[in-house]
Amino acid sequence: MFRILLAEDERGMREYLTRALERSGYDVTAVDRGTAAIPLLENERFDLLLTDIVMPEMDGIELAQRAGEMAPDLRVMFITGFAAVTLRAGESLPNARVLSKPFHLRELVREVDRMFEREVAPGGRG
């Protein structure tokens with residue numbers, strides 16, 4: 001089962017995304033800010049960092065850059081409602097995907113599925 005670390009400061013959105021991804025077969029650990037994600041990244045293995053870009057304390061771009069130093073194979077997907085921030089994310093981490101709010105949950109799950117295409121999940125069939 002693929003493991004996703006979700007960093008989203010808005011509680012309702014965080015819970016909504018967590019439920020949708022878990023229903024689609026992913027193991028999701030959710031935190032409310034980037035600084036809370038760092039210790040998890042140091043001590044656990046994740047396959048995808050799904051992060052909002054605009055968050056207090058540490059934005060999603062800085063979180064993704066720090067995560068990339070700790071886990072170079074970690075995939076990154078940003079979610080944001082700010083178009084200008086989307087451009088900055090693409091420049092900072094060109095291999096990351098960006099999903100702009102508002103989006104439908106099916107769209108999110110489809111994008112996450114695409115990130116794992118042709119790969120077998122650890123301990124499973126993918």
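**Close-up views of salt bridges, rings and a helix**

**View 1. Arg 3, Asp 27 and Glu 44 belong to one network of salt bridges.** A salt bridge is a side-chain nitrogen of Lys or Arg within 4 Å of a carboxyl oxygen of Asp or Glu. By this rule the structure has ten salt bridges. The model is predicted: local features need pLDDT of at least 70, side-chain atom pairs count only at pLDDT 80 or more, and totals for chains, interfaces and linings use all residues. Residues are numbered from 1 along each chain as its sequence is written, and side-chain values use heavy atoms, with hydrogens and water left out.

Arg 3 also lies over the face of Phe 46, at 4.4 Å from the ring centre. A charge sits over a ring if NZ of Lys or CZ of Arg is within 6 Å of the ring centre and within 35 degrees of the ring normal. The backbone nitrogen of Arg 3 is reached by the side chain of Asp 47 at 2.7 Å. This is a polar contact (a pair of N or O atoms within 3.5 Å; within protein, one must be able to donate a hydrogen and the other to accept it, and residues adjacent in sequence count only if both atoms are side-chain atoms). Asp 47 is in the loop between α2 and β3. Helices (H or I, at least four residues) and strands (E, at least two) are DSSP runs, numbered from the N terminus.

**View 2. Lys 101 and Glu 8 form a salt bridge, with the closest N and O atoms 3.5 Å apart.** The pair links distant parts of the chain: Lys 101 is in the loop between β5 (97-100) and α5 (105-115), and Glu 8 is in the loop between β1 (3-7) and α1 (11-23), 93 residues apart. Lys 101 is partly exposed, at 24% relative accessibility, whereas Glu 8 is buried, at 0%. Buried means under 20% relative accessible area, exposed over 50%, and partly exposed in between (1.4 Å probe, protein chains only).

**View 3. Arg 11 and Glu 15 meet in a salt bridge, at 3.0 Å from N to O.** Both residues are in helix α1, four residues apart, so about one helical turn separates them. Arg 11 is exposed, with a relative accessible area of 57%, and Glu 15 is partly exposed, at 34%.

**View 4. Asp 59 caps the N-terminal end of α3.** One of its side-chain oxygens lies 3.1 Å from the backbone nitrogen of Ile 61. Which residues of α3 are buried? They are Gly 60, Ile 61, Leu 63, Ala 64 and Ala 67. These residues are on the same side of α3 because they cover an arc of only 155° around the axis. The arc is that of the directions from the helix axis to the C-beta atoms.

**View 5. Phe 2, Tyr 26 and Phe 116 form one aromatic cluster.** Rings of Phe, Tyr and Trp (its six-membered ring) pair if their centres lie within 6.5 Å; planes under 30 degrees apart count as stacked, over 60 as edge-to-face and the rest as tilted. A search of the whole structure finds two aromatic pairs. The rings of Phe 2 and Phe 116 are stacked, because their centres are 4.0 Å apart and their planes are at 15°. Phe 2 is in the segment before β1 and Phe 116 in the segment after α5, 114 residues apart. Tyr 26 and Phe 116 have ring centres 5.7 Å apart and planes at 35°, so this pair is tilted. Tyr 26 is buried, at 8% relative accessibility, and Phe 116 is buried, at 4%.
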